[in-house]
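Hi,

Here is the structure I promised to pass on.

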Amino acid sequence: MIPTVAIVILNWNGRKHLEQFLPSVVASTYADARVIVADNGSTDDSVEFLHQNFPTVEVIVLDKNYGFAGGYNEALKKVWADYYVLLNSDVEVEQGWLEHMISFLEADESRAACQPKILSWHQKDQFEYAGAAGGWIDLYGYPFSRGRIFDTCETDRGQYNKNQEVFWATGAALAIRSKLFHHAGGFYDYLFAHQEEIDLCWRLKAMGYSIWCCPASVVYHVGGGTLAKSSPRKTFLNFRNNQVVMTRNLPAGEAWWKIPYRMALDQVSALKELFSGNFNYFRAVIRAHLAFIGWLLFHNKPKLPVKKPLSSLSGVFHGNIVWEYFIRKKKSFGDILDH
């Protein structure tokens, strides 16, 4: 008996993406998969469009925009399946994408989640920013990916075509055991959007499970469907959430010095952008730090049952990715990991 799969697409005012990319998802050949769109309080005609044009697609209508983290948490309370596949609305999938990931996860119960190889829809021989061939992190909490370091995306030459354990798998196309999603507490609602998958994968790894990239599965991601990379809102969320995720998951012996160190590096980045005339970036980083301090002082923070030293986990670069990229000018994952 094959495991059941629920492909859940969180939608917010994304009718144009649903119209363009949902047909490839509906055409997936996996024998026991449901396609579900969870509408996150859209104000466009997404829901009506789905009812009229995709009658086989299930629709969950949420009462407001809960963000990526909260939206999926709310929607998945209403969905039962052996596996959840969380998929952005601006993703085109290849035939067989689902079979490869599910069969890979089924082969070993310690594998909690995996992602496909994610290429750019606009330039299909390039890795896409949001996840590429699986996420890593450095000892100071900077996330990056196999195939994407900061804003540099590599050309796909088959260099990451082997199954590989990673630190985090992207929420743009995430296959995860449903029982582990709920056992780990789902996404952390406070994050709203950005880095919630890193937080979840970090918790799962601390619990003894592994996260993988399964590159036989291939999808193409537009990216920036909700917030463009240059958006001050996105900058704010990324900087705030990175500090929150580190504080939640690092043992106290690491957090007490790594958090101030990272904040200092963030300030250097903000000042550099300010002197370049990018005031919006500078202001977003300052706002992010103030919001993080507010969270630290005043927000109720659920305690995590297990925390492990970052250096003890797989998918961690035992160095500083900022130094390697900006000072040593190493722009590819392969160059940096040969360090």
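Where is the place of Asp32? Asp32 sits in the loop between helix H1 (15–26) and strand S2 (33–40); helices here are DSSP runs of H or I with at least four residues, strands are runs of E with at least two, and both are numbered from the N terminus.

Before the rest, some housekeeping. This is a predicted model, where local features need pLDDT of at least 70, side-chain atom pairs count only at pLDDT 80 or more, and totals for chains, interfaces and linings use all residues. Residues are numbered from 1 along each chain as its sequence is written, and side-chain values use heavy atoms, with hydrogens and water left out.

Back to Asp32. With a relative accessible area of 31%, Asp32 is partly exposed (buried means under 20%, exposed over 50%, partly exposed in between, with a 1.4 Å probe and protein chains only).

Now the salt bridges. The count comes to twelve, using a side-chain nitrogen of Lys or Arg within 4 Å of a carboxyl oxygen of Asp or Glu as the rule. One of them pairs Arg15 with Glu19, with the closest N and O atoms 3.3 Å apart. Both residues belong to helix H1 and are four residues apart, about one turn of the helix. In general, an α-helix has 3.6 residues a turn, so residues three or four places apart point the same way. Arg15 is partly exposed at 25% relative accessibility, and Glu19 is partly exposed at 43%.

Arg15 also meets Asp45 in a salt bridge (2.7 Å, N to O). Asp45 lies in the loop between S2 and helix H2 (46–53) while Arg15 is in H1, so this pair ties together parts that are 30 residues apart in sequence. Asp45 is partly exposed, at 32%.

Another salt bridge joins Asp156 and Lys117 (2.9 Å, N to O). This pair links distant parts of the chain, 39 residues apart: Asp156 is in the loop between strand S10 (152–153) and strand S11 (164–166), and Lys117 is in strand S6 (residues 111–120). Lys117 is buried, with a relative accessible area of 6%. As for shared partners, Arg15, Glu19 and Asp45 are joined into one network by their salt bridges.

Helix H6 (residues 196–206) is mostly covered, with eleven of its eleven residues buried. Among them are Glu196, Trp202, Arg203 and Lys205. Just after H6, Gly208 has a positive phi of about 105 degrees.

Last, the cysteines. There are zero disulfides, taking a disulfide as a pair of cysteine sulfur atoms within 2.5 Å. Cys153 is in none, and its nearest cysteine sulfur, that of Cys213, is 14 Å away. Cys153 is partly exposed at 25%. Cys201 is in no disulfide either, the nearest cysteine sulfur being that of Cys114, 10 Å away. Cys201 counts as buried, at 2% relative accessibility.

Cheers
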